[in-house]
Amino acid sequence: MGTLYRSRNLDSCFYYGIKAKRMATSLNYQKGQTDADQLIAYTFFKKGLYAESLDLLGKVLPHYQKSGDAEQVIRVYLDMVEVLNKGISERTKIISLLQKAMQIGKKLKKDSIMSEVYMSYCNRNADLPADSINYYLSKSAEIANRYKDERMLIFTRLWQARLLILNGQKSKALPLVRQLIADCRAIGNSNLEINALFLMTGIYETQRKKALDYFYQAHQVALKSGDRSLEIYILNNALEVANQLGDKNEIIKVHLELEMAMSIDWEKSRKFISDYVKYNAIQDDNKLLSKKNARGTTWLVLISIAAVVLLLSVYLMMLYRSRKAKEQIEVLNNVANMQIIAMEEAKHQAVREEQQRLGQDLHDGLSSSIASIRHQLEIILMDIDDTALKNKLGILQIETEKAYKAARNKSHEWFSTADEQLEQSFENQIKLLTDNSLPNSRYHKTIHIDDNSLVNVGTDTRIALLRIIQEAITNIIKHAKAKNVGVLIYEEEDDLLLTINDDGIGLDEKTSGNGKSAMGLQSIRRRVQSLNGKTNIHSDTKGTEITISIPLASA
């Protein structure tokens, strides 16, 4: 609904945009939130809030880029162009955005939006020569014809009529513009009709009375559309013509219409500001609700885990003290199952970010508690002779084992996520590490990590690699007096290779006079040996090269 009202009624567009935003947020539906924000950004633009509009469009754009929605990326670019044109009028930025849109458009399967892109390129590029204008207009018309887009076909014809007027061929343009006005009215597009009426004022620019009449017609169209900002723009142009005409009655008439339009626009602006405040309140409420839900769910998960551990511990103590506990075992099974179900339900309600931060600790704590219970069960089973009771405890032992494995699997999932994050930022971590180790601008470093080299390398190995690199660079800077350091990681057959080199005075791990250097290099060797790897250190007065080879099977 908001999209349908986008070119017809701004207040309705904003109303449905806010409504969609609220619903999408409550459902945690990201695309819905993004689409709603784009509508809201458009209404900000039309209401003159250019900075707010650009800021919101800047937040919308990455979501469409990430999802690969090329058509919506282009739509955001087009909206940004309109905001920049009305606001700061940064021509270079406008042309750059349109050129990006044209590049993206080449990959579209359905390229209907490109008709608007080519048209906008003509409208917003004042330095475009006539042959280029005709080229882009023909491309726009070709696409519009293919998709039977009446709106863009009329835009193309408006441009053709405008070019005739600019070239002094007003008599040739006149019948074209009259037909355009009729066609715009037939499809009910007020913006196009106003554009056509403006062309009529250009044709009759020397006949000011006629030109003024067409401004009045354009004003009536704007009045019906409810676009007060456009209405005021038209009346200001009409006032200029009335002043040129020198007719006092016409000047007073335009002044009265302009005063009324501005008064109504002021009232609408006040209402819009109120709605804008409500929009910001919705944004704040959404953030608070998200944090509250995250905290509440975290506590629920913690309480559920504590309840499972407490109940199992109490009942196990009762079982250990009494062999007449068959009914209690059944209760224990039921309670444990209910608690596990409650815990799973609570977990699925957790906000994703809070899960990533707390999930590892929670699952580790749960798996440790279950492991303790599992051990106690094994001890109890060894001391019990009652066959029936042993069978019941055996069933409980099996269920406990399943719970333990499930908890450990969850822990591995968290580790896998951590692995991915570490892999993505590994090169950045090395850069940060070398920045800290090389505190001075006179040091230079080169770092290269083969993109595929760490795919099958575990977290422990990567942490060990970081420590090895840190120790090597510390030795190189402190003892070898190096100024250039290089770090290279890549795969070669079945091995992961790490090479660290420098241009210092050399290191000697056997020389007693250089004891700290020797200790550092020996520590590196020990770390590599723990990974089943090999270390080769070549050092002379021209520099040091440390080459480390670790079998991928061990990594």
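**Rings and their neighbours**

Tutor: Start with Trp159: Arg162 sits over its face, 4.6 Å from the ring centre. Such a charge counts as over a ring if CZ of Arg or NZ of Lys is within 6 Å of the ring centre and within 35 degrees of the ring normal. This is a predicted model, where local features need pLDDT of at least 70, side-chain atom pairs count only at pLDDT 80 or more, and totals for chains, interfaces and linings use all residues. Residues are numbered from 1 along each chain as its sequence is written, and side-chain values use heavy atoms, with hydrogens and water left out.

Tyr216 has a charge over its face too: Lys253, at 4.1 Å from the ring centre.

Now ring against ring. A pair of aromatic rings is described by the distance of the centres and the angle of the planes. The structure holds 11 aromatic pairs. One of them joins Tyr135 and Tyr136, with centres 5.0 Å apart and planes at 70 degrees, which is edge-to-face. The rings of Phe, Tyr and Trp (its six-membered ring) pair if their centres lie within 6.5 Å; planes under 30 degrees apart are stacked, over 60 edge-to-face, and the rest tilted.

Look at the exposure of these two. Tyr135 counts as partly exposed because its relative accessible area is 45%. Tyr136 counts as buried because its value is 17%. Buried means under 20% relative accessible area, exposed over 50%, and partly exposed in between (1.4 Å probe, protein chains only).

Then widen the view. Ring pairs tie Tyr135 and Tyr136 into a cluster with Tyr118 and Tyr121.
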